[in-house]
Amino acid sequence: MPEKSSVDLPVRWNLSVRPDGTGKLEFAGELDAESTPVAWRSLESELAGIKVASFEIDVRQLVCDSAGLALLYHLSIGGMTPGAIVNLTGLSPELQHLLRSFSKEDFQALQEHEPTCSSFVEDVGAATGSWLRDLRQQVEFIGEVTLGVMKSLFRPRLMHWKEVFRVFEVAGVNALPVVSLLTFLVGMVIAFESAQPLEQLGAQVFVANLLGLVMSRELGPVMAAIMLAGRSGSAFAAELGTMKVNEELNALQTMGLSPVQFLVVQRVVAGILLTPVLTIFAMYAGLLGGIPVLLGLGFPLRMVLHQVQSGLHFGDLAEGLSKSIVFGAIVASVSCLRGLQTGEGPRAVGESTTRSVVSSILLIILADAIIAAVTYTLRK
Amino acid sequence: MNGAPHSLIEVRDLTIGYGDRLVLEGINFDVRRGEVFAILGVSGSGKSTLLKHMIGLYQPIRGDVVISGASIVHAEGDERLRILRKFGVLYQGGALFGSLTTVENVRLPLDEFTDLPEVAKDLIALSKLRLVGLESAATKLPADLSGGMQKRAGIARAIVMDPCLLFLDEPSAGLDPITSAGLDALIRELARGLGITFVMVTHELASIYSVADRIVVLDPKTRGIAAEGVPSWLRENANQPWVRQFLKREAA
């Protein structure tokens, strides 16, 4: 009878099989979370080739914890000796009590449980459904916000100006440095990149005109809006989402206050007021970023400024600023909508934050394209 | 170690607080092996803060917490991990991970700390769930469980590594009296059946008389311990009248 044991293992066992088909397994030592995995695997391979009709497990010399009990239970239900009648002897009353908490039925139920998996058609249907519901909610929301703003205009008492100024400061004033830095660098890059092709045409001086146009009509408002979406829109969504999770929105509703009137209108008004300011800073910072490049190319400052001045018209500035107002309204309202749509559970706030940034940026670009097309046809 | 040989936790001269604000000053007590020990006090007396220091989440200003001979305040790295493995914690809300099913939550420590085969992990996790009476909810997500079930699942996760010590932070908070009584019965069963020592923070007097062997009552005014002993004895014999009133559920 070979002694099956390992030197550094605190548990030893002795496996013997008699010719009449009865087997015996004697344990001694300690089966804990560290020794059990080793014992489990070696027993599995030892018992793999053995066919027994009845099997006795003697654990009088064994101390064990849950891990060890799991092994004993697995052995006792014939997990390693299929078909054999297994008899477990020598288990202390406390461990017997614990062993009773193991159950084959629970295990089988877990194995049979398959995570519900939906088909492709179902997924498409569900996605379309939720998209349509979202669209409907958006339309309703636009109406509600417009109504709320109108109401506040006629009855200024309804408006929480303190909150508007707080949002204005947090989302606007505090964003000025980063928006300015961003557009300064973008202006610089654009000046660099356009200087080369324009040099081939001998038109390098028009870099200044180009920069002025691009910054005031396109990049100024778009960059400011994208920064607003990433920096403050996500914050709106997270703030409102957390309020929803904490049932603060329910509290507002039962007090007879509309969350839209109480929370969203302030943010939309602040958004509309602050984006033009951010945009003006963005425009100037972009131009400033181009100036060192142009000076480096050898143009005097006065000439650069003159070029910008002659190339820019009031209409360009007006287009940029009116765009920025639209963008501000989009970012603030979409982010608030996503916040209000927050579901339940710890991941919900994260999801609505992501959705707010994605939807905001998507809608900014969409609105930008539409405005560009409209102004192009109008100008013709 | 100057504590009695049968004490599992020794709290020595512990001073805790936030910033400049002291919550408790120089408190001393022992938790004996195998008992159900409860920390009591009015709201704001620092019960939960004390518990968080005892499990090593926060660093005390002064003093020490020794769990079966090893200081959790001074331990670092592997030694700290060894102490942490000796106990389980049930947080107020259960603190189950929302993205995992109940059985996956319970299995998590086994997955992270042991090398057991999958079958063994499932068997152990399911047996713990059966111990707390949740075997039928194994594949549900925590969001689909009731408050009492979440706490039970939290206990199952806390005992999956066979700790000798379990900390409970307000186990009956937010539960109805019947569910709360069921949880008390479970605590008694685990204490007697598995020999687990319990340290619980609570202000549920009903559960103190039914489960706690000994209690300490924290005093927010002196920032110390107002009384320590067997709850039913303290109810009649505590030195301070407000402790007796508190334990009799009378307004001070």
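1. A word on classes before we start: Ala, Val, Leu, Ile, Met, Phe, Trp, Tyr, Cys and Pro count as nonpolar, Asp, Glu, Lys and Arg as charged, and the others, Gly among them, as polar. On that basis, the lining of the largest pocket has 21 nonpolar, six polar and 12 charged residues.

2. Some housekeeping. This is a predicted model, where local features need pLDDT of at least 70 and side-chain atom pairs count only at pLDDT 80 or more, while totals for chains, interfaces and linings use all residues. Residues are numbered from 1 along each chain as its sequence is written, chains are lettered from A and ligands numbered from 1 in the order in which they are written, and side-chain values use heavy atoms, with hydrogens and water left out.

3. Back to the largest pocket, with a volume of about 840 Å³ (the space filled by probe spheres set on grid points joined across faces, edges and corners). A pocket here is an open set of points on a 1 Å grid over the protein atoms alone, where a 1.4 Å probe fits, with protein on both sides within 12 Å along at least five of seven lines; lining residues have an atom within 4 Å of a point. Of its 39 lining residues, the closest to the centre are D65(A), M161(B), D162(B), P163(B) and C164(B).

4. Both chains show up in that lining. Chain A's β3 (22-31), β4 (54-64), α2 (66-76) and α3 (93-99), and chain B's α2 (77-84), α4 (118-131) and α6 (177-194), each supply at least two residues. The largest share, four residues, is from α2(B). Helices (H or I, at least four residues) and strands (E, at least two) are DSSP runs, numbered from the N terminus.

5. The second largest pocket has a volume of about 560 Å³. It is lined by 21 residues, and L84(B), F87(B), G88(B), V89(B) and P109(B) are the closest to its centre. By class, the lining has 15 nonpolar, two polar and four charged residues. α3(B) gives the most, with four residues.

6. Where does the second largest pocket lie? Domain 1 (1-86 + 164-252) and domain 2 (96-162) of chain B both give residues to its lining, so it lies between them. Domain bounds come from an automatic or database domain assignment.

7. One helix pair to look at in chain B: the axes of α3(B) and α4(B) come within 9 Å and cross at roughly 125°. Axes are lines fitted to C-alpha atoms, for helices over the stretch in contact, and angles run from 0 to 180 degrees between N-to-C directions. The two helices are therefore oblique to each other (angles under 35 degrees count as roughly parallel, over 145 as roughly antiparallel, 65 to 115 as roughly perpendicular and the rest as oblique).
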